[in-house]
Amino acid sequence: MKLAVLPGDGIGKEIVAQAVKVLDVLKGEGAGIEMEYGNIGGAGFDAEGDPLPESSLKLARAADAVLLGAVGGPQYDQLDRPLRPERGLLRIRKELNLFANLRPALLYPELAGASSLKPEIVSGLDIMIVRELTGDVYFGQPRGVEVRNGERVGFNTMIYSESEVRRVAHVAFAIAMKRGKKLCSVEKANVLECSELWRDVVAEVAKDYPEVELSTLYVDNAAMQLVRNPKQFDVIVTGNLFGDILSDQASMLSGSIGMLPSASLDENNKGMYEPIHGSAPDIAGRDIANPLATILSLAMMYRYTFADMATADRIEAAVKKVIAQGYRTGDIWTEGGNKVSCSAMGDAVVAAM
Ligand code: IPM
Ligand code: MG
């Protein structure tokens with residue numbers, strides 16, 4: 001297994017270091033894992049003047065999978081747009097054609113108290129959000145800020161081709177088949193033509209999956225349903241922008257955004273694995289971040305890229321165990337929990353392995 005490791009910025013370095021401890025355990029047992037490090041985001045800009053240096057892209061292309069921490073920081077906010085850390089992340093997604101972004105929102109029973117919703121609403125929660133990741137308003141042209149009629153206007157283009165919708169819909173239906181066989185497609189077809197096409201194409205693809213029950217929701221209603229009765233959902237498929245927003249929202253149901261991993265896959269299940277949270281500059285370097293989302297991203301890597309379910313299960317079981325043992329980083333800590341640092345949490349997972 002060749003892994004490109006791109007820690008990025010802020011807490012990215014600390015959390016990736018904990019995931020690497022887990023990989024080191026597996027290596028120690030004889031697993032053939034090769035890791036090579038590269039820069040991305042602000043770290044790429046600082047070291048090589050580019051948020052996605054050519055060297056990192058090369059590394060990622062040559063690897064079987066990419067492990068990414070997080071990008072961004074206030075010190076980069078004034079840079080020209082193409083040099084900003086987030087652009088590096090968007091470019092690597094696009095360059096590697098990672099169009100299917102899998103974002104599970106899963107509640108560990110012991111963390112029900114850390115959720116902002118009542119335990120009875122979230123207990124047993126297990127949702128998979130499939131977010132399209134290489135299209136939509138994130139990449140659509142034209143885009144920009146310019147002066148028209150004496151004032152500045154900002155504009156972006158929401159655009160999807162039917163092939164883009166079709167391929168991510170297939171991924172979502174296939175995942176639904178392996179789970180509860182329910183898929184909810186989220187769009188805004190009452191207002192947006194782009195969403196109308198999305199809805200029509202998803203309905204066409206549904207014909208290939210007669211066993212899956214397909215429903216559709218407008219994104220505003222979906223946002224409401226996610227906090228009203230989140231357990232009605234099994235798999236959600238949606239576009240890049242709506243998926244960005246709804247996956248952050250869903251993360252809170254599970255107690256903390258610090259718990260949620262993600263996989264971004266291409267047509268051949270090559271993938272990039274990253275926590276869904278950001279670089280959290282406010283707590284960076286203090287060894288208090290939650291590394292579990294990154295460690296759980298490794299489990300997704302074993303599951304989706306390497307089809308090694310046993311190792312995926314083992315990593316997930318280790319995380320479940322440390323949660324059951326009461327280890328808590330600050331973000332998931334509640335009265336009575338054993339508050340631990342980022343590195344101590346990593347060590348606890350290693351011990352549980
Ligand atoms: C995410 C992040 C990114 C996104 C940012 C950092 C560009 O919010 O992965 O959800 O909007 O996709
Ligand atoms: Mg986001």
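Of the 353 residues in the chain, 52% are buried (under 20% relative accessible area with a 1.4 Å probe, protein chains only). The structure is a predicted model, in which local features need pLDDT of at least 70 and side-chain atom pairs count only at pLDDT 80 or more, while totals for chains, interfaces and linings use all residues. Residues are numbered from 1 along each chain as its sequence is written, chains are lettered from A and ligands numbered from 1 in the order in which they are written, and side-chain values use heavy atoms, with hydrogens and water left out.

The chain contains twelve helices and 14 strands (DSSP runs numbered from the N terminus: H or I of at least four residues for helices, E of at least two for strands). Its radius of gyration is 20 Å, close to the 20 Å given by the globule rule for 353 residues, so the chain is as compact as a globular protein of that length; the radius is taken over C-alpha atoms, and the rule is 2.2 Å times the number of residues to the power 0.38. The C-alpha trace spans about 55 × 50 × 40 Å along its principal axes. Among contacts with a separation of 6 or more, 75% are between residues 24 or more positions apart (contact: heavy atoms within 4.5 Å).

Strand 1 (residues 2-8) has six of its seven residues buried, so this strand is largely enclosed by the rest of the structure. Strand 1 pairs with strand 2 (residues 34-37) in the parallel sense over four bridges (pairing requires at least two DSSP bridges). Within this pair, L3 stands opposite M35 of strand 2.

Notes. Buried < 20%, exposed > 50% of the residue type's maximum accessible area, 1.4 Å probe, protein only.
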